Amino acid sequence: MSLTQNYHIAVPTAFYPDETLNIDATFAHIEYLANKGVKSVLVCGSTGEQHSLTVQEKIAMIEQLPKLKVANDFELIFGLASIRQKEAELLAEKIDQSTIIKGILLGFPPYILPSQAEAFAYASKLILLSNKPTIIYNNPLRTGFSCSLETYIELLKEERVIGIKEAGDPTTVQELLARTSKELHIYAGGEKELARKIDLGFNCLSSIAGNLYPQEIEQWFNARLEKQTLPSDHLLVEKIDELYAQSVLPFIKKEIAEKEKIAFGGCRNPLGTLS
């Protein structure tokens, strides 16, 4: 039970002008990326929208997944997190029923600041119910909670846990690798400080910039893993820097709409209010 790809793109969610969910436009962007050679995406799991979407909206997305036109071996990873355990469990049960979802990104509840024991119980139950290869997502800046090294070690004992996405202290990865012999997918969240993170043991990329430069980012990342540089690196780094100098999500959605001719819509306010 695992995932095969070391690179996926965290895709944003499309909305109509009234901020209701636009599943067709979201899928159109995923299909665009798949046609460009992308083999894996993360849906409802990052780009700041994981907790914007209600459990009903996420379930609606899952129920519409059979409409998605991608290859059978396409690795679609779905975000699983909620401030309420009951809602997360409902979503996990729906994920378990989907053959299209190949794995989950399991995030911790925002704001409520669970104890390490409570977070472990939360994650363990959802891993069991979803029954998919699981990436543990630690993002203390967004949630206010940070998974401890000891909690990581306990969660890694579960066979379904195949990786982590560490958006907190990147040196945690080095400590974790020193305490486990398990082979792990260790995801960098976005392209910032990527060379340093690879030196610390990160071996996978959950890409934001890949929404706009899917093949270029994958080639750049794999070259970084091999400690190589490409002739076009400086141009791509300039584009990445330009992206992260903006309010990232509104900028990406605007570029998707213009480049792919998809009515992708903006963000739910207040994000993107100044666009």
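1. Salt bridges. A salt bridge is a side-chain nitrogen of Lys or Arg within 4 Å of a carboxyl oxygen of Asp or Glu. The side chains of Lys 125 and Glu 89 form one, with 3.5 Å from N to O. Lys 125 sits in helix α4 and Glu 89 in helix α3 (residues 85-96), so this pair ties together parts that are 36 residues apart in sequence. Helices (H or I, at least four residues) and strands (E, at least two) are DSSP runs, numbered from the N terminus.

2. Basis of the note. This is a predicted model, in which local features need pLDDT of at least 70 and side-chain atom pairs count only at pLDDT 80 or more, while totals for chains, interfaces and linings use all residues. Residues are numbered from 1 along each chain as its sequence is written, and side-chain values use heavy atoms, with hydrogens and water left out.

3. Cover at Lys 125. Buried means under 20% relative accessible area, exposed over 50%, and partly exposed in between (1.4 Å probe, protein chains only). Lys 125 has a relative accessible area of 35%, so this residue is partly exposed.

4. How many salt bridges does a search of the whole structure find? The search finds 12. One of them joins Glu 57 to Arg 268, with the closest N and O atoms 2.5 Å apart. Glu 57 is buried, because its relative accessibility is 16%. Arg 268 is buried too, with a relative accessible area of 16%.

5. Glu 158 counts as partly exposed, because its value is 27%.

6. The loop between α2 and β3. Asn 72 is placed in the loop between α2 (55-64) and β3 (75-80). Asn 72 has 75% relative accessibility and therefore counts as exposed. At 63% relative accessibility, Lys 69 is exposed. From Lys 69 to Pro 250 the C-alpha separation is 26 Å, and these residues are 181 apart along the chain.

7. A nonpolar patch. Which residues make the nonpolar surface patch of about 360 Å²? They are Ile 83, Tyr 111 and Ile 112. Patches are made of residues with over 30% relative accessible area and no salt bridge; like charges are joined within 9 Å, and nonpolar side chains (Val, Leu, Ile, Met, Phe, Trp, Tyr) within 5 Å. The areas come from the Shrake-Rupley method with a 1.4 Å probe; for residues, only the protein chains shown count as cover.

8. The loop between β4 and α4. Tyr 111, part of that patch, is found in the loop between β4 (101-107) and α4 (116-130). Tyr 111 has 71% relative accessibility, so it counts as exposed. Leu 113 lies in the loop between β4 and α4 too. Leu 113 is exposed, with a relative accessible area of 53%. Its phi is positive, about 55°, although Leu 113 is not a glycine.

9. Backbone points to check by eye. Most residues other than glycine have a negative phi, and most peptide bonds are trans. Lys 261 has a positive phi of about 55° and is not a glycine. Lys 261 belongs to the segment after α11. At 72% relative accessibility, Lys 261 is exposed. The peptide bond from Asn 269 to Pro 270 is cis, with omega near 15°. Pro 270 is also in the segment after α11.

10. The cavity. The structure holds one cavity of 30 Å³ or more. On a 1 Å grid over the protein atoms alone, a cavity is a set of points where a 1.4 Å probe fits but cannot get out, and lining residues have an atom within 4 Å of a point. The largest cavity has a volume of about 30 Å³. Its lining includes Gln 5, Tyr 7, Lys 39 and Glu 218. The lining divides into two nonpolar, three polar and two charged residues.

How values were computed. 1 Å grid on protein atoms, 1.4 Å probe; cavity = no way out; pocket = protein on both sides within 12 Å on 5 of 7 lines; lining within 4 Å. Points joined across faces, edges and corners; volume = space filled by probe spheres on them. Nonpolar A, V, L, I, M, F, W, Y, C, P; charged D, E, K, R; others polar.
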